[in-house]
Each structure stands twice: as C-alpha cells, then as structure tokens.
Amino acid sequence: MDKGVLLGVNSDNFTEKTVADCTESDILATDVFNSNGYKLLCANTVITDYIKTHLGLNHIRTIPVYKTINSVTENSRFHGDIKKYYGDTVNSVKKIVTNLSAGHNLNYDAIVNLTDSVLKIGDIRHCAYIVKYINQIKSADQYTYTHSINVAFYAMLMAKWMGLREKEISLAVQSGLLHDLGKIKIPSSILKKKGPLTTEEYEVIKTHPMHSYKLLLDNADIDMAIKEAVLLHHERFDGLGYPLGTTSISFLACIIAIADVYDAMTSDRVYKKGVTPFKVFEYFQREGAGRFDWHLLNVFISHMSALLVGAFVKLTSGDTAKIVCILPDDPLTPILYLNSQFVKLPATYNSGKNKLDIECVLCK
Ligand SMILES: [Fe+2]
C-alpha cells in the first residue's frame, strides 16, 4: 500500500492495523491511495464502518492509524480532562486580558504556561474530539477568550499538518494566543455592538493588529516572528487586508489568518450565529484563492474536514445524522447515515423550504 504523504506524522506515533480490526477510536495517520494513485482518504480521517467498506472495495487490507488510548473508559476520562483543560485555559486568557486592561505588563510566563496547555490538549489522537467539542461550545459572551484558545489550537494543528518542527509549532500556538490582544484598546461599545458597524467604527476595529503589535514590541522574550504574525494576521494576498494593505505576509501570519477566519465564522457572536465548518470550507474555496495561502488552505480544508468524520450533525429537518465519510476531492459533500440510509448531502446549500442542510455539528 502506498503510505502517501506523511504530513507532520512521526512514525513512532502510528501503527499498521488491519482494516477489519479498526474502530471509531482509530484515526488515519497518513493519506491512503488506491493502486492507480488516486487519493481515497485524507490523513486524520476517523475510521467508520462505511470507510472500512470503502477501503475493502479498493482491496486495502491494512492502514496506518495513530496509536490510541484503547479502552472506552480511558477515552471518556481523557475527554473529561480535555473539557477541564479547555475551561482552565479560557480562564487563564481571561486573567491575562484583565491584567493587561488594568495597565499591568504582559505576563510572558503565563503565555508560556498557556502554550504548554494548548500543546497538551492538542495531542493529535484527540483532535477529532476537540474539534467537535469546540464546534459545540459557541458561547458568544466568552468569545473574546475562547477565540484566542481556539485560534491557537487550530494554528497548532496546521503547523503539525505542515510538518513544522516543535519550535515552530510553539510559535504558531503563541501567535494564536496573542493575535487579538490589541482589542483591549478598542472600545467595547464597538467590539460588542449588536448591529452593523459604521465605516468609522470599522476603521477603529482595523487598528487592532497594530495595537497587538505595539503591546508586544518591547517585550524581548517574545519572538519577532510572533510580533509579525499578530501585525499581519488580517493582511491578504490581494492587498485588500489591513492595517498595512501589504501582500508581503509571513507564513506564520498566513496560518493565523486561516485559523482566525475559521473560528470567527463558526462561533456565535453577539450579532450573528456561527455557521457550520462546511460553510467556511465553501467560503475558503470560493474566495480564498487570491487572498490566503492556497496550499495551506487546501491542507486545512482536507484535514479539518477529515476530522469531522464520525461526528453527529443536526439537520434543518430536525433529524440527527452521522457523517460516515468525506472524500478528499469532495469536502463539501459529506456522506451521512440518516434514517438507516446513506445520503450524500451538499452541506452548503442554502436551506430553502425543501432543502436539507446541516444546521450544526454535535459533540457526542
Ligand atoms: Fe484579529
């Protein structure tokens, strides 16, 4: 079997397993191709019964999967721990922001501790669960704090998927944690406004990356690559980003840009409901080519969609269905198990009266 591209995968972390013996706690460690070189599945896909059949039809008997925590009890205990760690990290961000708003200096040790926590909860074997968990907790009033953690988490995943080294993964996490710090300089009447912003208000919002940069600039502990990433995370390759309108964007800033947009669009805000991940993938495919790093975007869409396999979703009809497969060349059309049938659902249709659509991803 062709092992495919090893994106950020250390061979110590995975084991070859017979497809028949796989369960839904198994996550594919590499891309899988058929004998003609056609990519059948993307790395990080959660193995469902549907996928086992799909692999069998393509005469694939064994696959590389991440070494997992074996027992269901251990798995659920770990999921409980993750919820606690996530809650703790959100509280830590809250403390950092509160101290900074009160005029104290940025506590870099707290940022280092937070980075360690994100790296700890971000063990690749649990990402499928965390991605679903983050998708479910969309608390608008906690957005300021959860957003930093979520962006740090997604940035970490992207850095791993790109095969970056430990030091660079840590820089990606820290950039995610710090990217929006400058928002403490924006009046909350603008930040939390429920209606549309005026042109003048939007101009004020657009100053926040520069505020973030200035807050970090004099801190010698913070790597220059992080300072650049926070300054450039709203810049775009068509030159229509802000605050500089530059097309010279660092790789770290490109990672944060994608993580930031994904979390902002999927989260509930005081003025709007969050959309499903599939709507964001569709937006990225439609608008992303000239704006974001295209290669990075493709890596993000294929790996993030693969992690959603196995998730339960609520449909606009009120039914609950399970995503049993997402094919690498068709991330916007997941295959669902609904009412004892397999349904290929265009997940990004506008939900008209008779059109079925995914309303939200559930965390079960
Ligand atoms: Fe931002």
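**Helix 10 and its cover**

I began with helix 10 (residues 224-232), where Ile226, Ala229, Val230, Leu231 and Leu232 are buried. Buried means 20 or more other C-beta atoms within 10 Å of the residue's own; exposed means 12 or fewer, partly exposed lies in between, and C-beta atoms are placed from the backbone. I took helices (H or I, at least four residues) and strands (E, at least two) as DSSP runs, numbered from the N terminus. The model is a predicted one: local features need pLDDT of at least 70, side-chain atom pairs count only at pLDDT 80 or more, and totals for chains, interfaces and linings use all residues. Residue numbers start from 1 along each chain as its sequence is written.

I then asked what covers the buried residues of helix 10. The cover includes helix 6 (166-178), helix 9 (208-217) and helix 11 (251-266).

**Helix 6 against helix 10**

I looked up the two axes: they come within 9 Å and cross at roughly 45 degrees. Axes here are lines fitted to C-alpha atoms, for helices over the stretch in contact, with angles from 0 to 180 degrees between N-to-C directions. Helix 6 and helix 10 are therefore oblique to each other. On this scale, angles under 35 degrees are roughly parallel, over 145 roughly antiparallel, 65 to 115 roughly perpendicular, and the rest oblique. Helix 6 passes helix 10 in a right-handed crossing. The hand is right if the near helix is turned clockwise from the far one by less than a right angle, and left if anticlockwise.

From helix 6, Leu171, Gln174, Ser175 and Leu178 meet Ala225, Ile226, Ala229 and Val230 of helix 10. Contact means C-beta atoms, placed from the backbone, within 7 Å. Nonpolar covers Ala, Val, Leu, Ile, Met, Phe, Trp, Tyr, Cys and Pro; charged covers Asp, Glu, Lys and Arg; the others, Gly among them, are polar. I kept the helical repeat in mind. An α-helix has 3.6 residues a turn, so residues three or four places apart point the same way.

**Helix 9 against helix 10**

The axes of helix 9 and helix 10 come within 7 Å and cross at roughly 160 degrees. The two helices are therefore roughly antiparallel. This crossing is right-handed. Helix 9 brings Pro209, Met210, Ser212, Tyr213, Leu216 and Leu217. They meet Ile226, Lys227, Val230 and Leu231 in helix 10. The classes here are 8 nonpolar, 1 polar and 1 charged.

Next I traced an open sheet of 5 strands in the order 8-7-6-5-9, with antiparallel pairing. Two strands pair if DSSP finds at least two bridges between them. Strand 8 (341-344) and strand 9 (358-362) are the edges, each pairing on one side only. The twist averages 40 degrees from one strand to the next.

I went through individual pairs. Strand 5 (residues 312-315) and strand 6 share 3 bridges, and Lys314 stands opposite Thr320. These two strands form a hairpin with 4 residues between them, and Gly318 in the turn has a positive phi of about 100 degrees. Strand 6 and strand 7 are also joined by 3 bridges, with Ile323 partnered by Leu336. Between strand 7 (residues 335-338) and strand 8 I found 4 bridges. Tyr337 stands opposite Phe342 there.

Helix 1 (residues 49-57) lies across strand 6 (320-325), strand 7 and strand 8, at about 30 degrees to strand 6.

**Phe281**

I checked Phe281 in helix 12 (residues 277-287). Phe281 counts as buried because 24 C-beta neighbours lie inside 10 Å. Leaving aside neighbours within four places in sequence, Phe281 contacts Ile301, Ser305, Pro331 and Leu332.

Most residues other than glycine have a negative phi, and most peptide bonds are trans. I listed some exceptions. Asn44, not a glycine, has a positive phi of about 85 degrees. Asn44 sits in the loop between strand 3 (39-41) and helix 1. Is Asn44 buried or exposed? Asn44 counts as buried, with 29 C-beta neighbours inside 10 Å. His59 has phi near 60 degrees, in the loop between helix 1 and strand 4 (62-66). His59 counts as exposed, with 9 such neighbours. The Tyr242 to Pro243 peptide bond is cis, omega near 5 degrees. Pro243 lies in the loop between helix 10 and helix 11.

Definitions and conventions: Contact = placed C-beta atoms within 7 Å.
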